[in-house]
Amino acid sequence: MSPELLGLVGIALLFVLLILRIPVAVAMAVVGFAGVWILNSWNAALSTLSTEAFTMASKAELVVVPLFILMGNVASETGMSRRLYDAAYAVIGQIRGGLASATILGCGGFAALSGSSVASALTMGKVSLKEMDRFDYAPSLSTGAVAAGGTLGILIPPSTGFVIYAILAQESIGRLFLAGVLPGLLLLALFVVTITLLCYIWPKLGPAGPRTSMREKGRKLLGAGPILLVILLTIGGIYGGIFSPVEAAAVGAGLVILGGIIERKLTLAALWRACRDSVVTTATVMLILIAASLINPFLALSHIPELVGTFLEGLQVAPVVVLGLILLSYLILGCFLEGFAMLVLTMPIYFPVITALGIDPILFGVLVVLVLEMGLISPPVGVNVFIVKSVAPSVPLGTIFRGVMPFWLAMLVCTALIVAFPQIALILPDTMIQ
């Protein structure tokens, strides 16, 4: 059997294992180890298992993952995320669809703390769904807003999606964080516009909430002040060149913990839960990355990346068309694969292609994270939809999937705008980092 055919068999086997619900890291590690063994030798497979795993696990820049996750978990445990939502609610809750728009703003704020889409959807779902039910919001709009708003967690920095992309592509985490700012704000604005349009066309979807006085608005904004200050210090510190991403993560986690202690809302039990959840999430991410370092040598030995690259480069079309085909493949894969698994599986294949075509790796990273977000709410495997379903068990899955479709289209518009105007993603990293 030729190496190329064996590579295709390995990829097919990987998809079969994922369909059988084998954990992503286990499936990739098994296929990668077996592939290197068959194409090279038993000793080479053992060497890859030991050296690649150690090299990946010892990367200092990966420290940002547990620290930012811890920051988000502590903020959730101490009620800081609730105050973010309350502040947004007080400011725009009185317009049609205002509660849903406040949920989007709250998700954006929490995304700037946790870097996790699942955590954003889960936390804001617990906070906002009951409020929207109380004001007779259509379940499709309320659950759709939470599921879509949660996806901002891997676009608005600090983003675990950008960290993983940076490790796989050997790009700067700081540049990717900068590149995610304007696209993240653009997508957040498109979500709010989507909600506003829907509620003006069909007012029963999201009636206006109660009006609040300027004094009440100020009080709510003041209550969210500490967490907004943490966001400004950590993210602003990265942009201003004061902190590296790792240092910013440490400062942010420390400030959130200190704030919880000062306010007497961070008990030992709450800190234990936050640390435990952070360890579990970090271990999951690390296992996926280590498994990716095992499957990458197998793909290289099978020459699959070279074959794909030769095929795409031989199409004799403009680079933007090739980019569109790659993004389309991500959209299709996103219907069946978990986002991080899709990222680590495809990067060894697609990254050499986009660099050969002269496409900016930072721009490609932003676009890939955007289409990964779309996969988080795409049927039938949309992870965020199932997260919202766990918070709102009485709402049928079909209703939630219908509710996310307008937001999915808004994501598509955002992706198209960034492809057409790449400076939306590149202006900050190009001007602020020399």
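Trainee: Why is D136 called exposed?

Mentor: The relative accessible area of D136 is 59%. Exposed means over 50%, buried under 20%, and partly exposed in between, with a 1.4 Å probe and protein chains only. At 59%, D136 is therefore exposed.

Trainee: Where is D136, and what is its phi?

Mentor: D136 sits in the loop between helix 7 and helix 8 (139-150). Its phi is positive, about 60°, although D136 is not a glycine. Most residues other than glycine have a negative phi. R264, in the loop between helix 13 and helix 14, is likewise not a glycine and has a positive phi near 60°. R264 has a relative accessibility of 78%, so it counts as exposed.

Trainee: What makes a stretch a helix here?

Mentor: Helices are DSSP runs of H or I with at least four residues, strands are runs of E with at least two, and both are numbered from the N terminus.

Trainee: What should I know about the origin of the values?

Mentor: This is a predicted model, in which local features need pLDDT of at least 70 and side-chain atom pairs count only at pLDDT 80 or more, while totals for chains, interfaces and linings use all residues. Residues are numbered from 1 along each chain as its sequence is written, and side-chain values use heavy atoms, leaving out hydrogens and water.

Trainee: How do you know where the predictor is confident, and where is confidence lowest?

Mentor: The score is pLDDT, the predictor's confidence in each residue, from 0 to 100. The protein chain averages 83, and 97% of the residues score at least 70. Confidence is lowest in helix 15 (residues 304-313), with a mean of 73, and highest in helix 20, with 92. Where pLDDT is low, the predicted coordinates should not be read in detail.

Trainee: Why does T399 count as buried?

Mentor: T399 has 13% relative accessibility, so it counts as buried. T399 belongs to helix 20 (residues 397-420). Leaving aside neighbours within four places in sequence, T399 is in contact (heavy atoms within 4.5 Å) with P139 and S140.

Trainee: How many salt bridges are there, and what makes a pair a salt bridge?

Mentor: A side-chain nitrogen of Lys or Arg must be within 4 Å of a carboxyl oxygen of Asp or Glu. By this rule there are 6 salt bridges. One of them joins R273 and E77, whose closest N and O atoms are 3.0 Å apart. R273 lies in helix 14 (residues 268-302) and E77 in helix 4 (residues 64-77), so the pair ties together parts 196 residues apart in sequence. R273, at 32% relative accessibility, counts as partly exposed, and E77, at 27%, also counts as partly exposed.

Trainee: How do you know that E263 and R83 form a salt bridge?

Mentor: Their closest N and O atoms are 2.9 Å apart, so the pair meets the rule. E263 is in the loop between helix 13 (245-262) and helix 14, and R83 is in helix 5 (residues 80-92), so parts 180 residues apart in sequence are tied together. E263 is partly exposed at 29% relative accessibility, whereas R83 is buried at 16%.

Trainee: Which residue does D430 pair with?

Mentor: D430 forms a salt bridge with R175, with the closest N and O atoms 3.3 Å apart. This pair links distant parts of the chain, 255 residues apart: D430 in helix 21 (residues 423-432) and R175 in helix 10 (residues 173-201). D430 has a relative accessible area of 35%, so it is partly exposed. Elsewhere, salt bridges that share partners join E216, R219 and K220 into one network.

Trainee: Why are helix 19 and helix 20 called oblique?

Mentor: Helix 19 (residues 383-391) and helix 20 pack at about 130°, with axes 10 Å apart. Axes are lines fitted to C-alpha atoms, for helices over the stretch in contact, and angles run from 0 to 180 degrees between N-to-C directions. Under 35 degrees is roughly parallel, over 145 roughly antiparallel, 65 to 115 roughly perpendicular, and the rest oblique. The two helices are therefore oblique to each other. V385, F386, V388 and K389 in helix 19 meet L397, I400, F401 and V404 in helix 20.

Trainee: What makes helix 5 oblique to helix 7?

Mentor: Helix 5 and helix 7 (residues 117-134) pack at about 40°, with axes 9 Å apart. That angle makes helix 5 oblique to helix 7. Residues making the contact include Y85 and Y89 of helix 5 and M124 and V127 of helix 7.
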